[in-house]
Amino acid sequence: MSSTQAPERPPQPDASPAGAPTSPARARSERLVPRLLVAVALAYVIVLLLGPLGGIIYYALNSGLAVIGQTFSQPDVQHAFYLSFLIMLITVIVNTVFGVMVALVLARDRFPGKHLASALVDLPLAVSPVIVGLMAVLLFGRGGWFEPFFAARGIQVIFALPSMVLVTIFISIPFVIREVVPVLQELGLEEEQAAWTLGASKTQTFFRVTLPNIRWGLLYGIALSAARAIGEVGAVLIVSGAIEGKTETATLLILRFFDQFQQQQGYIVALTLAAFSIVLLIGIEIFKRKRTREAG
Amino acid sequence: MADAAIQTRRPGGRARLRPGTAARRWPLRGAALLYLGLFILLPVAAIIQRGYGSGLGNLTSALSSIGAWSAIKLTLILAVLTAIINGCFGTLLAYVLVRIKFPGRSLLSTVVDLPFAIPTLVAGVMLAALYGPGSVVGGWLERHGVHIVDAQPGILLALLFVTLPLVVRSVQPVLLELDPAEEEAARVLGAGQWTTFRKVVFPALRPAITAGSLQALARALGEFGAVVLVAGNIPNKTLTAPVLISQLINPTSYGSTATSGPDEAAAVSALLFGLAFVIVLATEKVSSRGSGWLKA
Amino acid sequence: MAGAINVQGLTKSFGEFRAVDDVTFEARAGEITALLGPSGSGKSTVLRMIAGLEQPDAGSIWVGDEEHTGKTPQERRLGFVFQHYALFRHMNVRQNVEFGLKVRKTPRPDARARVDELLDLVGLGAFGGRYPDQLSGGQRQRVALARALAPRPEVLLLDEPFGALDAHVRQELRRWLDGLHRELGVTSLLVTHDQEEALELASAVVVMRRGRVEQAAAPVDIYNRPATPFVAGFVGASNVIRGTVENGGLSFGGPAVAAEDVADGTDAQVYIRPHDVRLTRIQGERSFPVTVERRTNLGWVSKLQLRLTDGQMIFAELPNEELDGIEERDRVYGSLRNAKVFSVDAADLASVPGDGGPGQAVLHTSDEPEVLAAQAGQN
């Protein structure tokens, strides 16, 4: 190993690969730079993400157990959480079933306009949720395209649960599809074909072979879409009218609390949602790791 | 030389033409396309029709609302800033997570995904809690003339918060797949760390960084939940386009003085939506060179 | 239980590309038939059409007395072995083998017994609980075979089953499959590009090229009496020399070979195997002068590079005891046995790799042709 300096230097353990000419200054910087990068990255994350998380934990718990207890005993609060979970559940089920269908078609079928279809799938990620809410109002609200149809049957869409579910489905469409498609593409078709030659029908093959093979990617996508669904605020704000005790979700509840200067209660509800999301986040991380491990 | 014993003619054998099997695929394809078309194409058509169905009158009326034009400008500027800042920090984080071993690395990876799990509104609450005038940190900043909440820096922070994982997750997989041999070759030839990064790593990452930044841009343009509580929504100062749209639809919310309705909201929305769509197409183009989720 | 496979006029195109063009052959009941050809010859597509994984544009497929054309793979009750095993990665060995039985609702005790039987047959009795990613390539392929055989299929289809394995594992499994077939006697159709494999395992070989059948015959006939230049060049190593037919034969400074099927005056190619070249010190009845350019001693045989009077080169491979002290630079006489003569129009030159021409020796094998420099001292 050659050195450009007169005094012989022993090889630095974590510096450049063997054989690379190094000067002492460069070797030092090669040890420092990674640490500097890590420090900067950590600082950014703390300022942006962890700090605020700590802040809300402090403020919410600071209100004291009495306020916390009182908040959760309010019927409108209870209803808000119930509504949020209900919407999340319906959304996740619909997006899972149809998402897998769409993923199967996108991953395996050949048809013209596939790129348009995949752009459509990505669209809800780029559109502002308030615009989504507006779209629903334009379709189902007064003067909307579908309004006569539903009004004639006495079904209330806007300012009621159906529209809230619809917009939440819209904004969480991409997650399952985007996670399942790559898994399907990596897996290929051979195992399914083997199953067919062994006599399994297409349905049997789907449940016994395809589904187990995509499970981690699928669960990952489901967890992401659940998190997104329960966090939705912009679109449901527009379509629901935020009627207390009727069409007010947990997120809309937070908005109302802060609007009415009841910050303590706002923090408490916000922290509760955050706690639930962190549980989801743990699930997300686990599924993501299992999915990556299998992709090998 | 043909061996008659091998090539036999089966009596009654005849050539028959088989109809294409495409026919069998349509049920699944149809259901998938119906789902996409119904949920995505239809609402989009509604917005375009309502907003511009009667020409540009709605748009001019909307823009004449107080603070509308500056809201659009502000949103654009902040979104671009967000994309640039997180383009850098997101890449840095991805690099640190993939290439540098340090204690707590997998914890950091989990934290980076936090914005994907936390409801946007809760994120806004968190930021307002930590950096608002009432807290230790916020109070200290205010005393030194740095205003975060109810000012533009707060909006920027909120946008950075929600878009960080987009860039990281776009760049990380590409980094993982990069062959370290190329970098080792550069180092052995004498290139320092920065030169190696600049000439070997960065060009390979550029599409992924661009795609991630574009996604961040689109997201930042439409962000509502994280912004609405932090910004203060002061017209001409901290009012963003998505909040403006929500005010246009529900004139009684957030103490706005706009007196418009769904049509004006639709006009502005269609504008914003058009931007978002263009960004999605641009992202598709960039991604088609290898880092998209749908491969051909 | 064993039926014959009969395909008639099978045709399949993918867009503009005609992968299979009017293919007709029979795989006899109880025997192993090989579909042999280079990649792109359409052999895998034919196999997949027989399995029902692809649908032909035209033609019919019969197994035994039943017509299978148009049926789904599930309805055909065939066994299929994939090149990359296609084992169900989330099931263990036992569950994999059991799959076809479970799907047909075989009662549990019968299924279990059958799985035991098959695992013993393939020598993996102790591996029932293992998962595919814990097995070697050879083990995985044996599981794939057991899985395909479990539901007692009428016919076994194998798509380059050993293609993904190391050379020595390939040999081992080849021998093993031979033994297995002797025991079970299931009609088998084996797709391969390895001509040694085809000749060793099959009792009938169908050689395919560019979607068509070049020849269908017993291995010994494919080898000794190739019907077309392609088959001659593809199966076994071959020398190719060119000449013009005169007086009903070809000569290279001396009579070499008779050419009954080719008219006088036509340009022709002669295909001759290295071990079918004989050398003598004295000119015999049908022999021609050659110069020994190079002799490489390989133990009990030697490989000789011989130059003809017109500059063309051929390889001979002969046991040392027959060589009688013939050394480099000797001038001796060569005679050919079992040479095949094809007119050059029939020989589609574009597909037969590298006709060397004067000054270059070209040895055709089923892999890339070895083109050796004429100068001594190389190698």
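Student: At what angle do helix α9 and helix α10 of chain B pack, and how far apart are their axes?
Tutor: Helix α9 (residues 180-188) and helix α10 (residues 193-222) of chain B pack at about 145 degrees, with axes 10 Å apart. Axes are lines fitted to C-alpha atoms over the stretch in contact, and angles run from 0 to 180 degrees between N-to-C directions. Helices are DSSP runs of H or I with at least four residues, strands are E runs of at least two, and both are numbered from the N terminus.

Student: Which residues make the contact?
Tutor: B:E182, B:E183, B:A186 and B:R187 of α9(B) meet B:T196, B:K199, B:V200 and B:V201 of α10(B). Contact here has C-beta atoms, placed from the backbone, within 7 Å. By class, that is 3 nonpolar, 1 polar and 4 charged. Nonpolar covers Ala, Val, Leu, Ile, Met, Phe, Trp, Tyr, Cys and Pro, charged covers Asp, Glu, Lys and Arg, and the others, Gly among them, are polar.

Student: What kind of model is this?
Tutor: This is a predicted model, where local features need pLDDT of at least 70 and side-chain atom pairs count only at pLDDT 80 or more, while totals for chains, interfaces and linings use all residues. Residues are numbered from 1 along each chain as its sequence is written, with chains lettered from A and ligands numbered from 1 in the order in which they are written.

Student: Switching to chain B against chain A, how many residues does the contact take from each?
Tutor: The contact takes 75 residues from chain B and 82 from chain A. On the chain B side, helix α1 (residues 22-52) gives the largest share, 14 residues.

Student: And chain C, how many helices and strands?
Tutor: Chain C has 9 helices and 22 strands.

Definitions and conventions:
Two residues are in contact if their C-beta atoms, placed from the backbone, lie within 7 Å.
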